[in-house]
Amino acid sequence: MTNHVHLLMTPAAPRNASELMRHLNLRFVHLMNRKYGRTGSGWEGRFWSSIVETGAYFIRCQRYIELNPVRAGLVKNPAKYPWSSHACNAFGTPSSIVEPHAEYLALGGNDVRRRAAYRALFLEGLDDAELGAIRQAARSSLPYGSEAFIRELESTLQRPMTRGRPGPRGRVSRLPPAA
């Protein structure tokens, strides 16, 4: 997009997404500052992130991202946006940075069927409830998924993950609770 970027990633380790953003900030912003004679941060603030449940939630999130330029009026077809993964996923356009996710691969037994199934997902846009849920999760760094998925995360992380009531800000304490 012209003022932001969406990345849908499956990191190999828990902190890899944060590390990617740190390195991107160090390298990219340094190059842009030097090129344009700027100083300071290239970003307005900290990046937003959200854990996304696999299955239908992952595919919805991917559709949300790839339809973003269409909703913004930048293109009529998501495959026409040069910074989108849609052309790669829907038509097999080569990409050095798009790695097919297991949910994408499960759409068909071969490339032809998979791409056809993927294109069929884009015949309709996302409804307002789906758009709102994805935006709410991303903007509040809360998980996007089923209630069972969110309860499981709350149990594992031992902190609230419910919409509208995020946990306390800051790092999670590694100390046991006071008795």
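The model is predicted, with local features requiring pLDDT of at least 70 and side-chain atom pairs counted only at pLDDT 80 or more, while totals for chains, interfaces and linings use all residues. Residues are numbered from 1 along each chain as its sequence is written, and side-chain values use heavy atoms, with hydrogens and water left out.

Confidence was examined through pLDDT (the predictor's confidence in each residue, from 0 to 100). The protein has a mean pLDDT of 88. Of its residues, 91% reach 70 or more. Among the elements, α5 has the highest mean value, 97. Strand β2 (residues 165-166) has the lowest, 48. Helices (H or I, at least four residues) and strands (E, at least two) are DSSP runs, numbered from the N terminus.

The structure contains 3 aromatic pairs. Rings of Phe, Tyr and Trp (its six-membered ring) pair if their centres lie within 6.5 Å; planes under 30 degrees apart count as stacked, over 60 as edge-to-face and the rest as tilted. The ring centres of Y104 and Y118 lie 5.4 Å apart, with planes at 80 degrees, so this pair is edge-to-face. It joins distant parts of the chain, 14 residues apart. Y104 belongs to helix α4 (residues 102-105) and Y118 to helix α5 (residues 111-120). Both Y104 and Y118 are buried. The rings of Y118 and F122 have centres 5.0 Å apart and planes at 50 degrees; the pair is therefore tilted.

Burial was assigned by relative accessible area (buried under 20%, exposed over 50%, partly exposed in between; 1.4 Å probe, protein chains only). Y118 has a value of 1% and is buried. F122, at 14%, is also buried.

A charge also sits over a ring. R60 lies over the face of Y57, at 4.8 Å from the ring centre. The criterion requires NZ of Lys or CZ of Arg within 6 Å of the ring centre and within 35 degrees of the ring normal.

Positive phi values occur at two residues other than glycine, S141 and Q158. Phi of S141 is near 55 degrees. S141 lies in the loop between α6 (128-139) and α7 (147-157). Its relative accessible area is 37%, so S141 is partly exposed. Phi of Q158 is about 55 degrees. Q158 is placed in the loop between α7 and β1 (161-162). Q158 counts as exposed because its relative accessibility is 72%.
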